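Let's walk through a protein model together, one question at a time. Have the picture open while you read.

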Amino acid sequence: MKLFRFRGGVHPESHKQATGSKAIEAMPLQKRLYVPLQQHIGAPAEPQVRIGDQVLKGQLLANSQGAISAPVHAPSSGTVIDITEHTAPHPSGLGVRTVVIETDGEDRWQDCQKTINPFELDADEISARVGAAGIVGLGGATFPSAVKLNLWKKHPIYTLVINGGECEPYLTCDDRLMQERPDEIIDGIRIMLHALHAKQALIAIEDNKPDAIERMKVAAHLFDNVTVVVVPSRYPMGSEKQMVQTLTGLEIPAGKLSADLGVIVHNVGTAYAVHSALRQGRPLVSRIVTVGGGAINTPRNLEVPLGTLVSAVFDYCGGFGESPARLLMGGPMMGQLLPHAEVPIVKGSSGVIALTEAEVAINRPRPCIRCGSCINACPCGLLPLEMAARSRKGDLQGAVDYGLMDCIACGSCSYVCPSHIPLVQYFSYAKGELAARRRHKQKADETRKLAEVRMQRMEQEERAKAEAAARRKAEREAKSKQEAVV
Amino acid sequence: MIIAITSLSLLGLVLGLMLGLAGRYLKVEQDPIIDEIAAMMPGSQCGQCGFPGCVPAAEALASGSAPVTLCPPGGRVLAEELAAKLGVTVDLSAMADDLPAMAAVSEATCIGCTRCFKVCPTDAIMGAPKQIHTVFKEACTGCKACVEVCPTECLQMHPIPVTLGTWAWPKPALAA
């Protein structure tokens with residue numbers, strides 16, 4: 001198959017050897033699980049259980065709210081002991097509403113609705129079951145998968161792309177999943193193809209995963225419409241836009257979705273979760289997590305029940321050889337900085353990484369020398385140096401004019417900058433500030449409407465009062481006239 | 001000479017007529033910038049700026065007698081927009097300290113006097129006589145009108161809590 005090249009990109013050291021050859025192990029069940037009610041993009045889920053309730057594994061804890069949301073299920077059986085604020089796996093260190101479960105150690109599943117043949121179900125039923133299973137994009141973006149499975153109603157979908165790129169350094173969770181459970185992944189892919197009414201599925205895997213490619217090819221050869229495509233290893237190959245461009249040669253226009261081009265992208269982990277949800281009726285209650293980084297004694301891949309604390313995962317992997325300088329959830333290029341290790345594993349946790357001082361290599365930023373390295377590295381064809389200069393001076397509109405909203409925050413520019421300028425951090429700041437302004441403006445518009453309605457009401461009341469007074473006066477006068485006549 | 005006099009007076013007459021017509025048909029009642037500024041203001045007529053409402057404040061802004069930082073509910077964003085509109089430079093360092101706040105009723109001390117919701121410019125407080133009142137967070141603009149009328153000081157301003165949805169990365173430290 002002919003492949004296309006996306007511009008820019010970088011080749012960071014992969015660091016995948018430490019975990020890529022080790023089989024996935026099950027993380028032992030912890031005494032307490034902290035299950036956040038927002039593990040996805042969209043509205044937080046609303047609790048359906050009360051403190052003191054007994055729950056079974058897979059039982060619904062909180063229901064999705066609104067069109068873009070996802071439900072949350074109990075990762076093991078036990079008792080709900082609290083519904084409270086617990087630190088979210090997020091750089092802010094802020095709290096998120098969390099259901100705390102004390103596990104009973106039995107890990108007893110609830111009765112699951114098994115499907116013998118999901119291909120007899122219609123598309124709506126499949127996407128409804130995927131939604132009810134709480135499945136979100138497991139590559140890390142955590143967008144509710146059911147919403148994406150419904151996109152065929154708006155745009156005809158020709159190709160389903162399964163993202164096995166895993167271009168982030170250190171992470172091997174998708175690699176191991178493809179090596180160990182290829183048949184289940186292919187089954188999930190075929191169910192999604194059926195739901196999307198799509199013609200073909202392309203499984204894109206970077207060429208640094210030969211074992212995964214081999215296994216997936218063997219599993220896929222029975223099906224004509226499922227093809228394994230080997231793509232070159234280059235960061236950010238695993239980004240949706242870059243992957244679609246590599247496979248189809250089409251660039252997703254600014255502000256459009258890949259669905260506009262007739263392509264939908266799902267992660268391999270999501271395909272596996274779809275298989276579990278439809279064949280076994282099991283909701284998403286655990287995921288494969290790469291535990292890595294130079295500070296970890298025995299890095300490996302674990303199947304972790306959601307809600308397990310990161311600190312417990314680190315302890316199970318032998319703790320730290322040297323004290324970590326930085327904790328990350330996800331990969332080192334786009335992952336989230338963790339405030340501390342007492343945060344839970346969530347649906348989007350592809351890895352937890354403890355980096356040493358030497359791996360972090362903090363350099364003091366120096367002035368920009370306008371060398372243009374960032375422009376060559378940018379996979380979106382933007383001018384990071386110009387955008388950063390404008391963000392720094394507070395000229396956010398100027399940064400937007402230079403294409404800030406097309407930035408995918410991949411960090412390639414920061415990675416190559418010889419002056420160590422935190423370019424992508426400037427863009428995160430600018431995007432956050434712009435979002436705050438949008439919220440402010442929205443609120444101001446709402447306020448104006450409220451104030452206007454109030455003014456109208458006050459005027460109306462005033463008028464009603466005046467009219468009533470006039471009426472009373474007229475009545476009084478009429479009465480006194482009558483009396484005078486009498 | 002006659003030609004010169006006639007042509008000049010004709011010219012004067014025609015131009016004068018045009019000016020007169022323009023004065024009648026293209027008349028501007030009010031400086032249009034006032035309307036434009038008034039449209040940018042929050043419109044809650046809260047009076048924190050010291051003017052009786054948003055339109056008088058807009059007039060003062062247009063005439064240059066009030067600073068662009070006058071509107072506390074509008075905050076830093078509005079001040080920046082106003083500065084861009086009026087073409088003035090502005091020092092926003094003082095405004096940055098003033099965090100947006102929101103009113104909240106302390107339920108232990110509320111006596112249900114109904115004074116606060118009568119003055120709220122955006123109907124953000126609900127209550128009834130002898131019932132505990134409450135503030136709709138979405139509608140409160142932080143104008144403090146209710147704080148001033150509350151007889152038991154149970155209405156207080158609180159900083160708006162940062163949530164996961166509103167948190168954003170701070171600006172990176174400047175390059176050396």
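Q: At what angle do helix H4 and helix H6 of chain A pack?
A: This is a predicted model, where local features need pLDDT of at least 70, side-chain atom pairs count only at pLDDT 80 or more, and totals for chains, interfaces and linings use all residues. Residues are numbered from 1 along each chain as its sequence is written, while chains are lettered from A and ligands numbered from 1 in the order in which they are written. Helices (DSSP runs of H or I, at least four residues) and strands (E, at least two) are numbered from the N terminus, and axes are lines fitted to C-alpha atoms, for helices over the stretch in contact, with angles from 0 to 180 degrees between N-to-C directions. For H4(A), residues 173–180, and H6(A), residues 210–220, the axes lie 8 Å apart and the angle is about 40°.

Q: Which residues of H6(A) does H4(A) meet, and how do the residues of this contact divide?
A: Two residues are in contact if their C-beta atoms, placed from the backbone, lie within 7 Å. From H4(A) come A:Asp175, A:Met178 and A:Gln179, and they meet A:Asp211, A:Ala212, A:Arg215 and A:Met216 of H6(A). Here Ala, Val, Leu, Ile, Met, Phe, Trp, Tyr, Cys and Pro count as nonpolar, Asp, Glu, Lys and Arg as charged, and the others, Gly among them, as polar. On that basis the contact has three nonpolar, one polar and three charged residues.

Q: In what order do the strands of the four-stranded open sheet of chain A lie?
A: Two strands pair if DSSP finds at least two bridges between them. In this sheet the pairing is parallel, and the twist averages 25° from one strand to the next. S11 and S12 of chain A are the edge strands, each pairing on one side only. Read across, the order is S11-S10-S9-S12.

Q: Why is strand S10 of chain A described as largely enclosed?
A: A residue is buried if 20 or more other C-beta atoms lie within 10 Å of its own, again with C-beta atoms placed from the backbone. S10(A) covers residues 200–206, and it is largely enclosed by the rest of the structure because the buried ones among its seven residues number six.

Q: Which residue of S11(A) is the bridge partner of A:Ile203?
A: S10(A) is joined to S9(A), residues 159–164, by six parallel bridges, and A:Thr159 has A:Gln200 as its bridge partner in S10(A). S10(A) also pairs with S11(A), residues 226–231, in the parallel sense over six bridges. In S11(A), the partner of A:Ile203 is A:Val228.

Q: Which strands does H6(A) lie across, and at what angle does it run to S11(A)?
A: H6(A) lies across S9, S10 and S11 of chain A. Its direction relative to S11(A) is given by an angle of about 160°.

Q: How many residues of strand S12 of chain A are buried, and which way do they point?
A: S12(A), residues 263–267, is joined to S9(A) by five parallel bridges, with A:Val263 as the bridge partner of A:Thr159. A:Ile162 stands opposite A:His266 in S12(A). A:Val263, A:Val265 and A:Asn267 point one way, and A:Ile264 and A:His266 the other way. The strand is mostly covered, with the buried count at five of five.

Q: Which helices do the buried residues of helix H12 of chain A pack against?
A: H12(A) spans residues 384–392, and its buried residues include A:Leu385, A:Met387 and A:Ala388. After this helix comes A:Gly394, with a positive phi near 85°. The packing partners are H11 (373–377), H13 (396–401), H14 (412–416) and H15 (423–485) of chain A.

Q: How many residues of chain B are in contact with chain A?
A: On the chain A side, 29 residues take part. The chain B side divides into 13 nonpolar, seven polar and two charged residues. The number for chain B is 22.

Terms used:
A residue is buried if 20 or more other C-beta atoms lie within 10 Å of its own, exposed if 12 or fewer, and partly exposed in between; C-beta atoms are placed from the backbone.
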